[in-house]
Protein chains: 2
Amino acid sequence: MSYFSSNFKLGILGGGQLGKMMLYVTRKFDTTTKVIDSSQDAPARLACDEFIQGDILDYDTVLDFGRSVDVLTFEIENVNVDALEQLEHEGKKVFPSSKTLRIIQNKATQKLFYTDHNIPTAPFSRFAYVSEIEDAITNGGLELPFVWKSARFGYDGQGVKVVRSFSDVKQLPKGECIAEDLIPFKNELSVIVSRNVSGEIKTYPTVEMEFHPEANQVEYVLCPARLPKEITDKAERLALKVSEAFQHVGLLAVEMFLTKDDEILVNEVAPRPHNSGHQSIEGSFTCQFEQHIRAILDLPLGNTESKVASVMVNLVGAENHTGDVVYKNIETIMAMDGVTPHIYGKKQTRPFRKMGHVTIVDKDINKARSIAQSVKETIEVISK
Amino acid sequence: MSYFSSNFKLGILGGGQLGKMMLYVTRKFDTTTKVIDSSQDAPARLACDEFIQGDILDYDTVLDFGRSVDVLTFEIENVNVDALEQLEHEGKKVFPSSKTLRIIQNKATQKLFYTDHNIPTAPFSRFAYVSEIEDAITNGGLELPFVWKSARFGYDGQGVKVVRSFSDVKQLPKGECIAEDLIPFKNELSVIVSRNVSGEIKTYPTVEMEFHPEANQVEYVLCPARLPKEITDKAERLALKVSEAFQHVGLLAVEMFLTKDDEILVNEVAPRPHNSGHQSIEGSFTCQFEQHIRAILDLPLGNTESKVASVMVNLVGAENHTGDVVYKNIETIMAMDGVTPHIYGKKQTRPFRKMGHVTIVDKDINKARSIAQSVKETIEVISK
């Protein structure tokens, strides 16, 4: 069956901003789509052929949804993976696979996967319960400070905390987790690797991420990274090694730390379009959303090179603002050169909620970064 | 009222491919939209907040539709202009205005407008009836060959014919028309001028159009045109003069002939995103659809420069094929460098029907043109 036919139907689990941006591509290719999300106001409620409201963590809901489409993908890792596995048993095409997702969904499993595959990553210990952390500290098996990560449902940095004292441990949520060495790093990098069903592989250039110090959310993404070629080449080789280990289908965003000794460590991966690739919409020959769709539909992958340099700024809800959203000064930033806002369409803002992003493109990365700073200082995501 | 608010609603008359591509932008900005088209299967039926089926040539339908939105625009000239004028009297924002549209809708009025404003255009005569043409030829007032153009409802070259003999005249449709001198030209050029409500103006670079000799439809659009800078500068100055004369709001695509003597004549204009600007989606800092939306919402205009060179190939239905469409070899062209297909989503093909377009981008215009040729020779729009 051709994907360019009304008989074909692509299913997307999750209707957030990533699903919404995938739909830019499915509209361009006229791919018939069906989207499911728990919210009737989900950003991807429009632009699909069919939208249904439902819980993507529920086994039966995902199973029923998957059976009604030809190829199934997801825009978020928090989906019912048992249902995906059952669908695969029934012969349904699910990309990325349940196997890939199962490893990634649990951060402890993901870290063990890296050590099993000789992929450099920060040293860590796994704990079934937070109480075990206290014992480990008391017994000298774990030293402060360390980075605590919830094994499950970490998203947008909410499942990550730097633990500096014994009393910090008391504040941690219960449940399975890892304690990771606090690595002093110079930069955070990301490389997105695309791999289609037939095994064709293409990597995007290494990007550099600048984080907000408090919210642990990406503030700026720069493409290309302002780093020597030997470093970015090394990052791309490592990302390819990770991709090879997973044998994933679709995108794999590989987040990495560049240490003070120019060692590169894998932090974590996401098997989908990623925040560190949004600037590809304006900057790259093929944007990450198109590449994901090409990969999972086993179409030839597109050119991952950049047309121009690009910087992405996340638009997150301002502190002390909760309620109906207002994008203050958006007209002002739109007058700046090479600036494109993407508004996700979430009606309510709250502190640090991802409400959109802005891409700044320019032939010169430093000029783009400088305009990005002005954008960041000008626009405000507040409530009415 | 902010355009980035759910209280605001943009109305679009016509739900064809141009309306569909406008919706790429309204989704990105999260602008609330309402679209009307006579076909329930219109390409723009998805991605708007509300789609209604209705006749945009009907006075009451357009009036009711216009009253239900805050700003009204159109993606096709064949709309009821009297209703637009009435809406303006009621204080509704209609962009482009009924005044601009009324001049453009009638090709005779449009040509007279050029002569009134000292805008160079091919010499012509206006006829209220085709029978008057026969008299003019007999009396020596009109010489063969000439170009006949229907004054009304010319679209995609269907209202244009080269008349070489008296018997050709007999084949012409009745009604108001013009007879234009057949100008031997070297090239057809187009410049898209954008102008927002506040009067800010930006022009896109001059593009070169290569036409299909029989169907009188654009086959390739090249940006930039492969012409000396003095010629493209001259074309851009002329386009600005036309824009100045119209005082339009939104885009104005100015199609021109470059004669053998390097004279530039205005052929015709379109007050909307245009086939000669589709490559701007991939090639330009700001695509024409975004620019149109920015202009009519009185947002600052975006940068009209090119990131890379681009060529656009129209995908039209193959001869001898009518019925459910198949895009033969689409996977093959997607393996070519810098190739992006846009499928409009029309379910039925027929000879020369515009079914989509393909953009080819490359840093080198000649390489892009060469790949475009391969695309053209490979993909086929046929019926099942």
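A: Let's start with one term: contact means heavy atoms within 4.5 Å. Please keep in mind that this is a predicted model.

Q: Thanks! Which residues of helix 4 of chain B meet helix 5 of chain B?
A: On the helix 4 side of chain B they are B:I103, B:I104 and B:Q105. Their partners in helix 5 of chain B are B:K107, B:T109, B:Q110 and B:F113.

Q: What about helix 1 of chain A: how many of its residues are buried?
A: For this term, buried means under 20% relative accessible area. In helix 1 of chain A, 13 of the 13 residues are buried, so the helix is largely enclosed by the rest of the structure. Helix 1 covers residues 17-29 of chain A and reaches 19 Å from its first C-alpha to its last, close to the 18 Å expected. After helix 1 of chain A comes A:D30, with a positive phi near 55 degrees.

Q: And what relates chain A to chain B?
A: In general, two copies of a chain are related by a rotation about an axis and a shift along it. Chain A is superposed on chain B by a rotation of 180 degrees with 0.0 Å of shift along the axis, at an RMSD of 0.0 Å. That is the relation of a two-fold axis. In chain A, the C-alpha nearest this axis belongs to A:A47, 1.8 Å from it.

Key:
Residues numbered from 1 in each chain as written. Chains lettered and ligands numbered in written order. Predicted model: local features only at pLDDT ≥ 70, side-chain atom pairs only at ≥ 80, totals over all residues. Heavy atoms only, no water. Least-squares fit on C-alpha atoms with pLDDT ≥ 70 in both. Helix = DSSP H or I, 4+ residues; strand = E, 2+ residues; numbered from the N terminus. Expected span 1.5 Å × (residues − 1). Buried < 20%, exposed > 50% of the residue type's maximum accessible area, 1.4 Å probe, protein only.
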